[in-house]
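Let us take a walk through this structure together. Keep the sequence and the 3D view side by side as you read.

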Amino acid sequence: MKTQQRYMHAMALTIGLLVLLGAGQSQAQLAIHCLDVGQGDCTLIVSPTGGTLLFDGGTNGRGSDTVLPYMASLGLSALDYVSASHYHMDHIGGLDEVVNSIGIDSVRAAVLDRGWSYTTQTYTGYANAVEAKRTTILDGQVIDLGGGVTVTCVTVNGNG
């Protein structure tokens with residue numbers, strides 16, 4: 001439970017930093033969409049210049065019935081980055097559905113996660129879908145989404 005609380009605090013801090021970084025540009029153009037995927041998380045960040053990051057994808061089925069329709073409503077058929085916080089079903093369950101639907105080549109930069117592996121069917125589906133673009137994110141790594149918006153990895157695997 002403490003690890004999950006630390007993760008939530010780090011995510012809130014990161015989103016807060018994103019808002020502050022975007023404020024110097026055109027705050028109305030920075031969009032942070034927190035999608036209701038039931039149990040779990042799913043956040044879509046769109047920078048003022050259109051750079052995108054999908055962070056988590058909710059449970060199995062939510063990629064198809066929630067994330068993809070929401071992306072379509074925004075006119076998005078590709079993403080710059082996809083990122084997974086950790087490998088529990090309520091965080092990665094929908095990511096393979098999104099990636100398989102838009103195609104791995106429509107993830108323009110990378111799929112970022114903590115590395116190593118996990119032993120569930122949901123993880124296997126995720127890993128197979130993202131394999132071609134999968135990269136282990138590093139502590140302190142900065143992702144530039146454009147328009148003055150950057151995302152910084154605060155910690156990986158509870159380090160830092």
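Just after helix α4, G103 takes a positive phi of about 90 degrees. Helices (H or I, at least four residues) and strands (E, at least two) are here DSSP runs, numbered from the N terminus. The model is a predicted one, in which local features need pLDDT of at least 70 and side-chain atom pairs count only at pLDDT 80 or more, while totals for chains, interfaces and linings use all residues. Residues are numbered from 1 along each chain as its sequence is written, and side-chain values use heavy atoms, leaving out hydrogens and water.

Stay with α4 for a moment. This helix is mostly covered, with six of its eight residues buried; buried means under 20% relative accessible area, exposed means over 50%, and partly exposed is what lies in between (1.4 Å probe, protein chains only). Which residues of α4 are buried? They are L95, D96, E97, V98, V99 and I102. Their cover includes β3, α2, β4, α3, β5 and α5, where contact means heavy atoms within 4.5 Å.

Helix α4 (residues 95–102) lies across β3, β4 (79–83) and β5 (107–113), and runs at about 155 degrees to β4. Such angles run from 0 to 180 degrees between N-to-C directions, with axes that are lines fitted to C-alpha atoms, for helices over the stretch in contact. Helix α5 (residues 121–130) lies across β5 and β6, at about 105 degrees to β6.

Strands of a sheet pair through backbone hydrogen bonds, either parallel or antiparallel. Here six strands form an open sheet with mixed pairing, in the order β1-β2-β3-β4-β5-β6. At the edges are β1 (31–34) and β6 (134–136), each of which pairs on one side only. From one strand to the next, the twist averages 20 degrees. Two strands count as paired if DSSP finds at least two bridges between them.

Look next at β3, and at its partners. Strand β2 (residues 43–46) pairs with strand β3 (residues 52–55) in the antiparallel sense, over four bridges. In this pairing I45 stands opposite L53, and L44 has L54 as its bridge partner. The hairpin of β2 and β3 has five residues between the strands, and there G50 takes a positive phi near 95 degrees.

To β4, strand β3 is joined by three bridges, and these two strands run parallel. F55 stands opposite S83 in β4. Together, β3, helix α2 (residues 62–73) and β4 make a right-handed β-α-β unit; right-handed means that, with the strands pointing away from the viewer, the path from the first strand over the helix to the second runs clockwise.

In a regular strand the side chains alternate between the two faces of the sheet. In β3, T52 and L54 point one way, L53 and F55 point the other way, and all are buried.

What about the aromatic rings? A pair of aromatic rings is described by the distance of the centres and the angle of the planes. Rings of Phe, Tyr and Trp (its six-membered ring) pair if their centres lie within 6.5 Å; planes under 30 degrees apart count as stacked, over 60 as edge-to-face and the rest as tilted. The structure holds five aromatic pairs. In one of them, the rings of Y87 and W116 have centres 5.5 Å apart and planes at 80 degrees, so this pair is edge-to-face. It links distant parts of the chain, with Y87 in the loop between β4 and α3 (89–92) and W116 in the loop between β5 and α5, 29 residues apart. Y87 counts as buried because its relative accessibility is 1%, whereas W116, at 47%, is partly exposed.

The rings of Y123 and Y126 have their centres 6.3 Å apart and their planes at 50 degrees, so they form a tilted pair. Both residues lie in helix α5, three residues apart, about one turn of the helix. Y123 is buried, with a relative accessible area of 6%, and Y126 is buried too, at 0% relative accessibility. Y87, W116, Y118, Y123 and Y126 form one aromatic cluster.

Finally, how many disulfides are there? A search of the whole structure finds zero, a disulfide being a pair of cysteine sulfur atoms within 2.5 Å. For C34, the nearest cysteine sulfur is that of C42, 8.9 Å away. C34 is exposed, at 59% relative accessibility, while C42 is buried, with a relative accessible area of 2%.
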